[in-house]
Amino acid sequence: MKKSISVIGLGNRGTEYMGFIKAMHGRKAYIHSLCDIRQQALDDFAPAFDVPKYRQYLSTDDFFSRGVVSDALIIATQDASHYEITKKALETGYKYILLEKPVSGNENEYKELRDLAKEKKAILIVCHVLRYSNYYSKIKKIIASGKIGDIVSINHTENVGYFHFAHSFVRGNWRDEFTSTPSILAKCCHDLDLISWFMDSPCVSVSSTGEVGHFKKENAPAGATPYCTGGCKAKKNCPYDAEALYITDPFYKAKFIKYMGRTLTGKANNSKADIRKAIDCGDYGRCVYMCDNNVCDHQLVTMKFENGAVATLEMTAFSDKMFRQSHIVGTKGELICYGAKLEMRIFGGEHHSVFTGSPGFTGHVEGDIRTVSNFIKIICGEKTDLKDVTTIEATVASHDMALAAEESRKNGGIPVLLKESVKA
Ligand SMILES: NC(=O)c1ccc[n+]([C@@H]2O[C@H](COP(=O)([O-])OP(=O)(O)OC[C@H]3O[C@@H](n4cnc5c(N)ncnc54)[C@H](O)[C@@H]3O)[C@@H](O)[C@H]2O)c1
């Protein structure tokens, strides 16, 4: 029998997962119920997934009051609501939950969810999607094979991309650590998860520095106005001009998040006029130097692991493209990981490029697709080995490291010791 899956939060992520379920797993699973606080979201998506009115909910209270209505649940609301909703889902009795990251910016909360999931014998999986991609699975396999020896160090950079950073972390949903989480958790819990997973050893000490260096009032160019379309005199030479980014720049329209119009307007079917209005007076039309952002635009984290290895993570807003790069050094060889390319160099031996999948199909979207496939396999009982699955148990390490980095950063970079260190 087909497995039923309900979804809470019909934004970019939730509906992307729904699309994969319908398009790729339609013989095994279907969307049962939908819950979103916006009627528009229910109206936009319920018809395409054949979800009848009586299985559409405008509040989680209403949704959970019906008890367990489906075999599994996806929670893809914004960061600040993850803890409450997941707690309720576990208490209601859901046994298979896919939760968007980050779990919470509060250590007590994510550890409470870990313990509650264990007590309820529920499988709570956090969407550290990169782990499921061919690219990162391949790296993990090479490390585990011992080919490059014991890991000595990992030097990893998350190049967020100037336009992506401006969209999400200056103008958008993740600009305020108090309503979402610090950028080192919101953006880099994936990177910290990968580092911890590759190390296969608990992190014991973290130190960090970083700040909101660029996106602040004193850096506004002469003639800048609060909204880009409000008569800004610096518009022409500003890479963050909202009109160029969201309307006139063909690169942006073609390559960056295709559903940007939906984020700007809150509507799946948005017109040019809706986007224009959103730019003229909405959050995404604001001057990047005059926003209410407080999350770091560059941050460096150094980590020491129980096995003696060390790692650094650099998060930067300032790159032309969005990509990650890592240099993973072992006692017998090294891995050079750059965007979708992966090269293995064995000291005194073979040097070669490692094939990780079709070009153009590596990275985040591939990870998203495989995260859903993995979840479906688990719900269907086809996968029972959870060793490399990003369960809440495994995710604690990345969240602990991110919070320790913030604590260190706010205290001038002094090392923070992780008392209860765990590995991912
Ligand atoms: N795994 C990843 O790589 C990845 C990438 C991007 C975002 N995320 C995370 O995914 C989550 C969702 O991001 P998004 O871009 O889809 O956000 P979004 O704002 O597009 O969607 C969130 C949806 O949740 C709804 N919502 C908010 N509060 C709700 C509530 N209490 N009950 C029901 N519905 C509610 C909103 O109306 C909206 O439709 C965030 O936590 C984000 O940090 C993860």
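**Helix packing, ligand shell and backbone exceptions**

Helix α5 (residues 107-119) and helix α15 (residues 392-410) have axes that come within 10 Å and cross at roughly 170 degrees. That makes α5 roughly antiparallel to α15 (angles over 145 degrees count as roughly antiparallel, those under 35 as roughly parallel, 65 to 115 as roughly perpendicular and the rest as oblique). The model is predicted: local features need pLDDT of at least 70, side-chain atom pairs count only at pLDDT 80 or more, and totals for chains, interfaces and linings use all residues. Residues are numbered from 1 along each chain as its sequence is written, and side-chain values use heavy atoms, with hydrogens and water left out.

**Helix pairs**

- Axes are lines fitted to C-alpha atoms, for helices over the stretch in contact, and angles run from 0 to 180 degrees between N-to-C directions; helices (H or I, at least four residues) and strands (E, at least two) are DSSP runs, numbered from the N terminus.
- In α5, Glu-107, Tyr-110, Lys-111, Leu-113, Arg-114 and Ala-117 meet Ile-392, Glu-393, Val-396, His-399, Asp-400 and Leu-403 of α15 (contact means heavy atoms within 4.5 Å).
- The residues of this α5 contact with α15 divide into 6 nonpolar, 1 polar and 5 charged (Ala, Val, Leu, Ile, Met, Phe, Trp, Tyr, Cys and Pro count as nonpolar, Asp, Glu, Lys and Arg as charged, and the others, Gly among them, as polar).
- Helix α6 (residues 134-145) and helix α9 (residues 189-199) have axes that come within 9 Å and cross at roughly 25 degrees, which makes α6 roughly parallel to α9.
- Tyr-136, Ser-137, Ile-139, Lys-140 and Ile-143 of α6 meet Leu-194, Trp-197 and Phe-198 of α9; the residues of this contact divide into 6 nonpolar, 1 polar and 1 charged.

**Ligand shell**

- The ligand is surrounded by 25 residues, the closest being Arg-13, Asp-36, Arg-38, Asp-79 and His-190 (a residue is near a molecule if one of its heavy atoms lies within 4 Å of it).
- The shell residues divide into 9 nonpolar, 10 polar and 6 charged, and α1 (12-25) and α4 (82-92) each supply at least two residues.
- An oxygen atom of the ligand lies 2.6 Å from a polar side-chain atom of Asp-36, and an oxygen atom of the ligand is 3.1 Å from an N or O atom in the side chain of Trp-174.
- At Thr-77, a polar backbone atom is 3.2 Å from an oxygen atom of the ligand.
- Taken alone, the ligand exposes 860 Å², and the protein buries 85% of that (accessible areas come from the Shrake-Rupley method with a 1.4 Å probe).

**Backbone exceptions**

- Most residues other than glycine have a negative phi, and most peptide bonds are trans.
- The peptide bond from Lys-101 to Pro-102 is cis, with omega near -10 degrees; Pro-102 lies in the loop between β5 (96-99) and α5.
- Asp-50, although not a glycine, has a positive phi of about 55 degrees, and Asp-50 lies in the loop between α2 (39-45) and β3 (56-57).

Methods: A polar contact is a pair of N or O atoms within 3.5 Å; within protein, one must be able to donate a hydrogen and the other to accept it, and residues adjacent in sequence count only if both atoms are side-chain atoms.
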